[in-house]
Amino acid sequence: MGKKIIQISDVHFGDITFSDVLKSNLLAQLEDANPDLLIFAGDLTASGFFHEYEEACEFVDELQSITPAHLIPGNHDVRNVGLVHFENLVSKRKFVHTDKSSNFTIIGLDSSEADVSHGQIGRDQMDWLKSELAKIPDDRAKVVTFHHHIIPIPQTGRERNILLDSGDLMHVLTENGVDFVLNGHKHVPNVWMLNNMVVLNSGTATTGKLRGNMCASYNELEINDGEVLVNMVKTENGSKKQMAHYSMEVKDESFVIHSYTHNPIHTV
Ligand SMILES: [Fe+2]
Ligand SMILES: [Fe+2]
C-alpha cells in the first residue's frame, strides 16, 4: 500500500518574515494531501522564546490533528535556553519511528548546540544512533533525520554550519546502510546521492528567509511498491516539482536503491 511522508522544516515562528498566509496554505495543503506521517526537521521558532513556542505549539497541534508528526529541534529552537521549552511543550529531542507495513524506520537526532548556528551530533548520540541502526533488519529502509546538513548545498552562499562531526556521522550512516537522510537548516531544497544514500534537504515552509530565487516550500515523499517519488511543494500555491525518483528492491535480504533520477532545481 502506498504511503505519503511530508518533510517540513524552518517555519520559524516569531521571525519578522513569518507568513500567516503561508502557514494557512500549508495546513490546507496538508489536509488535502492526507499524509501518513510528517517529519519536522527543526527550526520551529526564530529565537527559542516562550511566546514563540506558544504559537508554534498551536501549529504543532494542528499538524498532529492531520497526521502523526515527529519533531526534532533546530539551532534557532535552542537559542536563549529554548531547549527547555522544546522538551516541555513540543517533543523529546530524538525519536525512533517504525512503520512495519511499509517497511521503514526513521530515527530523529538533535544536532543543535546552544546559542550557535553550527551543530554537532556528539559521541554519545552517535553511539545511540549506531545501536538503534543495528536493531533495524537489513530488509527495511533506514531513514535518519536531523536539522543541520552534512554536505554543502548549492545556491546558499558562503558555506558554513555543516555539522562539526559530519565526517564521522557520514561514516556511521553509510557504514550502517542508511538509505535516506532528511535535513533542513539552509532554507534551500536539495537532493544529493552519497554512497547510495539519499541526502534530502527541505526549504523554509512559511517564511521569507529565502536565498536567491528560492520559494517557500516543503518536501513530499510518495512511497509505492518498489519506488519513492520526491516532490518539492511550493507553499504559496501547492504546485509541485518532482525533485527525485528512486527504484528500490529487497535483494539478498537487503533493502537497496538500485536506480535513481534527480531533477535539477537550482540554476547555478
Ligand atoms: Fe532555519
Ligand atoms: Fe537552522
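How far apart do the end C-alpha atoms of residues 4–189 lie, and what share of the span is helix and what share strand? In this predicted model, those end C-alpha atoms lie 18 Å apart, and the span is 33% helix and 17% strand. The UniProt annotation "domain: Calcineurin-like phosphoesterase", which comes from an unreviewed entry, covers residues 4–189.

Taken as a whole, the secondary structure of the chain comes to 5 helices and 13 strands. The radius of gyration is 17 Å, close to the 18 Å that the globule rule gives for 268 residues, so the chain is as compact as a globular protein of that length. Among contacts between residues at least 6 apart in sequence, 66% join residues at least 24 apart, and 42% of the 268 residues count as buried.

An open sheet of 7 strands, with mixed pairing, has the order E3-E2-E1-E10-E11-E12-E13. Strands E3 and E13 stand at its edges, each with a single partner strand, so one side of each is left without a neighbour in the sheet. The twist averages 20° from one strand to the next. Within this sheet, strands E11 and E12 run antiparallel and are joined by 7 bridges, and Val233 stands opposite Lys240 in E12.

| E3 | 69–71 |
| E13 | 254–262 |

The largest nonpolar core has 58 residues, and Val181 is one of those that touch the most other members, as are Leu38, Ile39, Phe40, Val144, Val198 and Leu200. Leaving aside residues up to four places away in sequence, Val181 touches Val144, Ile150, Leu173, Met197, Val198, Val199 and Leu200.

Terms used:
Residues are numbered from 1 along each chain as its sequence is written. Chains are lettered from A and ligands numbered from 1 in the order in which they are written. This is a predicted model: local features need pLDDT of at least 70, side-chain atom pairs count only at pLDDT 80 or more; totals for chains, interfaces and linings use all residues. A nonpolar core is a set of buried Ala, Val, Leu, Ile, Met, Phe, Trp, Tyr and Cys residues joined through C-beta atoms within 7 Å. A residue is buried if 20 or more other C-beta atoms lie within 10 Å of its own, exposed if 12 or fewer, and partly exposed in between; C-beta atoms are placed from the backbone. Two residues are in contact if their C-beta atoms, placed from the backbone, lie within 7 Å. Helices (H or I, at least four residues) and strands (E, at least two) are DSSP runs, numbered from the N terminus. The radius of gyration is taken over C-alpha atoms; the globule rule is 2.2 Å times the number of residues to the power 0.38. UniProt positions are given in the numbering used here, feature names are shortened, and annotations may be inferred rather than shown by experiment. Two strands pair if DSSP finds at least two bridges between them. Axes are lines fitted to C-alpha atoms, for helices over the stretch in contact, and angles run from 0 to 180 degrees between N-to-C directions.
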